[in-house]
Amino acid sequence: MTRISAAVVALALACAPAQGQTRRAPTVPTLVVLLTIDQLLPDYLDAWQSEFRGGLGRLLKGGAVYPNGFQDHGVTETAPGHASILSGRFPRSTGVVGNAAGVFDPEAPLIGARGDPASPYRFRGSTLADWLRFKNARARAVSVSRKDRSAILPLGRAKGEAYWYASGGMFTTSTYYADTLPGWLKAFNARGLTQSYAGTSWSLLRDAAQYNEPDSVAFESGGADFTFPHMLPADPVVASRVLPNYPMMDQVTLQLALAALSARELGAEEGRTDLLAISLSSTDAIGHKYGPDSREVHDQLLRLDEYLGSFLDSLYKVRDSSRVVLVLTSDHGVAPYPFAGFKTRFRSVEAGFVELRPLASDTWARVITAGVDTAAFSWEGESLYLDPEAFRRAGVNRDSVAREYARAARTVPGVLRVDVFSELQRKDVSNDPIGRRWLNMFPEDLPIAVVTTLKPYWYWAGIAQASHGSPHDYDARVPIIFAGAGVKPGRHSDVVRVVDIAPTLVAILQVRALEKLDGKVLTDVIR
């Protein structure tokens, strides 16, 4: 027994920390801050990194940076992109497959404002907000944005708080979340920040010589107001209505986030991890209006860098930076204008417009004549929906209709590929990113029959501005940056997915996801 006791003591001494060292469990962050920059290309961060002196510069230098992140699904729009970020799941699992039906809900009217009623009732499953509350019922989650879908979908169906910009220059929410606006939000709206920009201008932040982009591209902004400075209307009501098209909307949204942080005491309680989700939409509005090659986008990113720097300074004055973990990403990319002869750093091939509406109308007319119910047919450009049950009742072969439509669509100039979805499901798409993104897009209970992919940089007819929505890399590629508590800085060239964000936060925050996720933990991020 003496020899055994001596051995145990020796083993304990060998395993003990050296003198002066202490062991401690990793400190769990008390606050997660998600920053989603709508329509942010990784190319912007690479091209102008040396010019960033504020928040973007700090995150790029001190964070775990992945320039090759992807929204790995077929319809790269705002709603499906935001729904995937904190759920760790593709649209096929979240059920959010596009903007049009993303959050519209006639049963959830806005409070004290005009605008489309909205809620997350179409969202399926859970998100990080649910997992944090499962661990600690006192955990709080607040999401803010200019857009309703961008505020709502990062939380999923969680009963957190979501606020977005509505008519009359005010932020609001819907009856899904509350019956009245909280006092702190009423006080914030009463400050009239959006109206205060009336009669001001958006001028260049730096000397004009520091911008390489031309300021005289006539088809930007529909051929009107395409040179600096850009004046805001003198009428405060009108100014507040158009402010979302200007960089200053991001600044107002960040001030709203700080007001929510203070009022709801986010990140202030030991043992409780709270969530603050912020989606900034001005880059998207400016990118659509002026295009990714524009001087306006360049200046917007410089201003966003300053706004984020001020936001981080304010955040760290009231919260311990060692207890805050930040994530920055985007919901989608963007393609340049497709106009013939336009030279662009982002596009090296000719492009144009594709019109499939006559083909869709012809297909619709023939299936209706064959006795198929009118509600069985739906078409959204890239997607043809055919309800199997309606075709079965009418005795019409659904697959034959789908294949016939696909054959005809493949002959249209500008179309790259047309996939019959049931056939695509049987293929090996491990080396086919476009096919994989389409399969990641749609839930099994949606009657998707055909998906169409245009040639790179081609647009659907009728679109008159820079846009996105395709499964091509330029629309799917986004940056992913982790920073702060529990994060090991570094730059990584790995190809990763936005659905990897939630599993990685699960590991850092020591919580448990309540369902199977499509993403994986990015172990290189974790300190």
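In which sense do E11 and strand E12 pair, and over how many bridges? E11 and E12 (residues 383-386) pair in the antiparallel sense over three bridges. Strands count as paired if DSSP finds at least two bridges between them. Strands (E, at least two residues) and helices (H or I, at least four) are DSSP runs, numbered from the N terminus. Within this part of the structure, Ser378 stands opposite Tyr385 in E12.

The model is a predicted one, in which local features need pLDDT of at least 70, side-chain atom pairs count only at pLDDT 80 or more, and totals for chains, interfaces and linings use all residues. Residues are numbered from 1 along each chain as its sequence is written, and side-chain values use heavy atoms, with hydrogens and water left out. The pLDDT is the predictor's confidence in each residue, from 0 to 100. Its mean over the chain is 93, and 94% of the residues reach 70 or more. Over residues 7-20 the pLDDT is below 50, and this stretch has two contacts in the model beyond near neighbours in sequence. A contact means heavy atoms within 4.5 Å.

E11 and E12 belong to an open sheet of four strands, in the order E11-E12-E14-E13, with antiparallel pairing. Strand E11 (377-379) and strand E13 (415-420) stand at the edges; each has a single partner strand, so one side of each is left without a neighbour in the sheet. On average, neighbouring strands of this sheet are turned by 10° against each other, direction ignored. Helix H15 (residues 398-410) lies across E11, E12, E13 and strand E14 (448-454), and runs at about 175° to E13. Axes are lines fitted to C-alpha atoms, for helices over the stretch in contact, and angles run from 0 to 180 degrees between N-to-C directions.

Turning to charged side chains, a search of the whole structure finds 27 salt bridges, each a side-chain nitrogen of Lys or Arg within 4 Å of a carboxyl oxygen of Asp or Glu. One of them joins Asp419 and Arg417 (2.9 Å, N to O). Asp419 is buried, with a relative accessible area of 8%, whereas Arg417 is partly exposed at 21%. Buried means under 20% relative accessible area, exposed over 50%, and partly exposed in between (1.4 Å probe, protein chains only). Arg357 and Glu355 also meet in a salt bridge (4.0 Å, N to O); Arg357 is partly exposed at 48%, and Glu355 is partly exposed at 39%. Asp72, Arg436, Arg437 and Asp473 are linked in a network of salt bridges.
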